[in-house]
Each structure stands twice: as C-alpha cells, then as structure tokens.
Amino acid sequence: MSVSQPDLLLDDVLDNPVWSSLTGAHAWLAEGTGLARRYRPDVSPFAAVSDPNEPQAWRDLAAAVGPGGTALITGAAGVCGEGWSVDGGGEGVQLVETSQVVATPDPEAVVLGAADVPEMLDLVARTEPGPFEKSTHTMGTYLGLRHEGRLVAMAGQRLQPSGWIEISAVCTAPEARGRGLAGRLVRAVTADIHARGARALMHASADNTGAISVYLGLGFEVRRRTTFELFRAPL
C-alpha cells in the first residue's frame, strides 16, 4: 500500500485519536454525551474530550465516569477541568506506517475471539503490553500464534480514528521471544488493516525503547510525542 508521508504526519484526527474513534467507528462501544466519551469499562479505560481546553467537555466527562471515576486520556498534557486530578501517567510516542512496512498475512496466525479471552488475559498479565480488559478483543481483529496449542504471541486492533486502525497488545511470552513472532503479527495485522481500507498506527511508552526499535525496523515512523494520563473526576 503506497502512502504519502506528509499526509500521514498532518492528519489531525491522530491528534485526538480516542475522540475520533469513540465518535466514529467505535460509537457502539462508547458511553457519554456532549463533548466527552469513554469506552465501556469492560472494553478499555480510555476516554476522550473533544478539546482539553474546553471546561464543558470535562463536565461532560465527569457525568460519564461518575464522582471519583477515572479516565485514561492521551494527549491532554496535564490539562484538565476544575476539580479533576492526575493520578499518574507518562510520555509516549505515536507511530504511523510508511511505505516500508511489508504488510503480509501469516498462514499460522489464528483469529482470537471470546473463547480465547482467558489465554489472552493470561498472556497480557505475563507481558504487560498495556491496558487490556475482558472485552478489549471486541475493538477489532486480534491475531495469535500458538506453539504446541498454547498462545505464545498476539497483536490486534484497538483505536479506530477515521481512516486509521491502531495496532496494539503486541506481546510475546518470555519463553517464545527472539523468534520474530511480534514482527510477523504486526505485518499480518497491518495486512488486515489495509484490507479494510485503513492505515496502521501504533502507540508505545516513550521509555519502551526496545519496542519502538522493533516498530521502526518494521517500517513505522514516529509522528509525534504524546502523553498518557489517568485523570480522576471530582467527588
């Protein structure tokens, strides 16, 4: 799939990808009204406001999460509404695919579904790739690789801002690392994204230099630095 780099870097839906996703492709998974949305808690802790500098958006988000409720927000950079607090978080990077990504289906990759959730949660617990709940798999297609029947690697689709699909939950069991399984799955998930007429993006913690190096080697490039912060609503 040929892509134009200036277009990728300037696509402003990527500046607020959770908002675009929750008001677009994932509206069926959203809770909230007005200028704020959040994913159902069993799906994802992510939430979004239309504009972090808009006070009404934070009032709408407070109504969605309830008194003392939390919301994981990307890109707010510490900006929040009156009475809100920041419980934690850190810096991250947003990566987008380039024409160097080789999107290739993997014949050994299997589609993971509801029956696989216990194994998926176990793999996430052992590898800590990021937030993953019991219904996260409903956000998009998740692929896995098995060895002797056991799930040893997976990757899937999370946020879906307009024209894009995020690759997430890229993880490999410790005993299966060093075999290139993550790269195979990223390429396979990218192929599925292209088949859906979209482009691939990724997010990673800024200090996860190992993962970022892998993604750069696969043909992704850093679009921007961002933040991931857990905000708590006023009581």
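Predicted model: local features only at pLDDT ≥ 70, side-chain atom pairs only at ≥ 80, totals over all residues.
Residues are numbered from 1 along each chain as its sequence is written, and side-chain values use heavy atoms, without hydrogens and water.

Stop 1: Select P129, V170, N208, A211 and Y215. Of the 37 residues lining the largest pocket, these are the closest to its centre. The space here is about 880 Å³. A pocket is an open set of points on a 1 Å grid where a 1.4 Å probe fits, with protein on both sides within 12 Å along at least five of seven lines; lining residues have an atom within 4 Å of a point. The volume is the space filled by probe spheres set on the points.

Next, colour β9 (164–172). This strand gives the largest share of the lining, six residues. By type, the lining splits into 18 nonpolar, 13 polar and six charged residues.

**Stop 2: helix α4.** Select residues 117–127. Which residues of α4 are buried? They are V117, M120, L123, V124 and T127. These sit on the same side of α4, because they cover an arc of only 125 degrees around the axis. Buried means under 20% relative accessible area and exposed over 50%, with a 1.4 Å probe and protein chains only. Turn to the other side of α4: P118 and A125 are exposed there.

Now show β6 (110–112), β7 (142–147) and β8 (150–157). They are among the elements that cover the buried residues of α4. β9 is also part of that cover.

How values were computed
Helix = DSSP H or I, 4+ residues; strand = E, 2+ residues; numbered from the N terminus. Nonpolar A, V, L, I, M, F, W, Y, C, P; charged D, E, K, R; others polar. Arc of directions from axis to C-beta. Contact = heavy atoms within 4.5 Å.
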